[in-house]
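Here is a short briefing on one protein model. Look at the structure first, then read the points below.

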Amino acid sequence: MFRKKFTRDTLKFPQKDFDMVKEGVISLAITGILIVAVAVFLGAPYRPAITNQQIANQEPIVVEKTALGDLDGTGEMAQYGPPYNQGFHGEAPQSVQSLGGFSPQTWWGTPYPLNTATDDVLQPLKMLATASDNQNLLRALRQYETAPYIQQQQWANHYAKALQDAKVKQGQVVVPPGSYGPVQTLMNSELSLAKSGLLSGALDRISNPGTIYRYNIQDDLLFLQGHALHQIAGKLDMKGEQWGINHDEAAVPGPWWLTPYTFLYQIPPWSTSASGDEMAAYTIAILFLMLVFLPWIPGLNRLNRVIPVHRWIWRDWYKRLEKSKTCSSCPLRTSCHQEFKGKYAFVPGESKPACYEPTSTNFKEYGVSRGIDQTIHH
């Protein structure tokens, strides 16, 4: 039969009334008042949401480069992979992360399908052409869609090279004359749609086909992924290599509890691997499980004896205990000896609390040899 070796009978100690509900309410009220007061006087950093319209008016070339990448498949989202697509025009996706064939990213396939050429460029421009009765745009759309894929790519490649030397005049993107086919018309129309503020609405409508209420804003958010947002994040020191989400703008603290996770992105191999996100997630998961099961992991559960940080933290308590010998009259002193019997040893030369010093009765009761110093390390 299992014999209980150690019990804590709290009734042996002096009792004091404690109203936990009252203390909790008071603490919550004080904390709430302090938070409101700090918010009133210091405020909080606020930056309006970045929109396609804002980028189109400030960086029109960036918008055309983004739209062209969506059209010809060279953009970041065009070949992203699951959960959005399986690549572009038969090309393998570029952003699939895998470690030894283990790739949870691909388990659910593409529950959020995204064809960037159709969803981000062609469909919104068809809406614009129909609403404005723009026959020139309608002809450009028909010419592009009926052309062979190789011809489409040639037009796009020529225009991509031209954008490297593009200039902005009166808000419009001007490129040298070239063989761009209908692509130049499509890109200029996409820019005009974005500058008007209607591109976001068109993208939201495509994300929510056949519905009145539009809760899915996926296409609108993903349109700016890549160069546009990276450029803005870089100016705010919030890119991955700048500790990203671990801080807010400037020196304002962010979610400090993400420091271990964000730290991994600053050092190899997490910072250099194409599967860095997956590696970081697994690393944090392993460290979390180690923390949860620390008391049962051999070796690690004895770490507190190798690195006795607790004795440094509670050094004043230990000193007071040694001087006052308070524990000599503790009702649980015997049970405490029994619980920690033979498990802890003090470092040679280290002072031991007098109340934990084994007496002759202890030696006899627990069978501890006088020649072996196995006193209790509390």
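Buried means under 20% relative accessible area, exposed means over 50%, and partly exposed lies in between (1.4 Å probe, protein chains only). This is a predicted model: local features need pLDDT of at least 70, side-chain atom pairs count only at pLDDT 80 or more, and totals for chains, interfaces and linings use all residues. Residues are numbered from 1 along each chain as its sequence is written, and side-chain values use heavy atoms, leaving out hydrogens and water.

**Overall make-up**

- The protein has 17 helices and 2 strands. Both are DSSP runs numbered from the N terminus: helices (H or I) have at least four residues, strands (E) at least two.
- The protein has 378 residues, and 31% of them count as buried.
- A contact means heavy atoms within 4.5 Å. Among contacts between residues at least 6 apart in sequence, 58% join residues at least 24 apart.
- The accessible surface is about 24,400 Å², and 60% of it belongs to carbon and sulfur atoms. Such areas come from the Shrake-Rupley method with a 1.4 Å probe; for residues, only the protein chains shown count as cover.

**The nonpolar core**

- A nonpolar core is a set of buried Ala, Val, Leu, Ile, Met, Phe, Trp, Tyr and Cys residues joined through side-chain atoms within 4.5 Å.
- The largest one holds 42 residues; Leu-71, Tyr-159, Val-173, Val-175, Leu-186 and Met-187 touch the most other members.
- Several helices each supply at least two residues of this core, including H4 (116-132), H6 (149-163) and H7 (183-196).
- In soluble globular proteins, nonpolar side chains tend to be buried together.

- Tyr-180 is found in the loop between strand E2 (172-174) and H7. Its relative accessible area is 6%, so Tyr-180 is buried.
- Leaving aside neighbours within four places in sequence, Tyr-180 is in contact with Trp-155, His-158, Tyr-159, Ala-162 and Val-175.
- Gln-152 is found in helix H6. Gln-152 is buried too, because its relative accessible area is 12%.
- Tyr-180 and Gln-152 are 28 residues apart in sequence and 9.3 Å apart in space, C-alpha to C-alpha.

**Salt bridges**

- A salt bridge is a side-chain nitrogen of Lys or Arg within 4 Å of a carboxyl oxygen of Asp or Glu. The structure holds 2.
- Lys-126 pairs with Glu-145, with the closest N and O atoms 3.0 Å apart. This pair links helix H4 to helix H5, 19 residues apart.
- Glu-145 has 37% relative accessibility, so Glu-145 counts as partly exposed.
- Glu-241 and Lys-239 form a salt bridge at 3.5 Å, N to O. Glu-241 counts as exposed because its relative accessibility is 53%.
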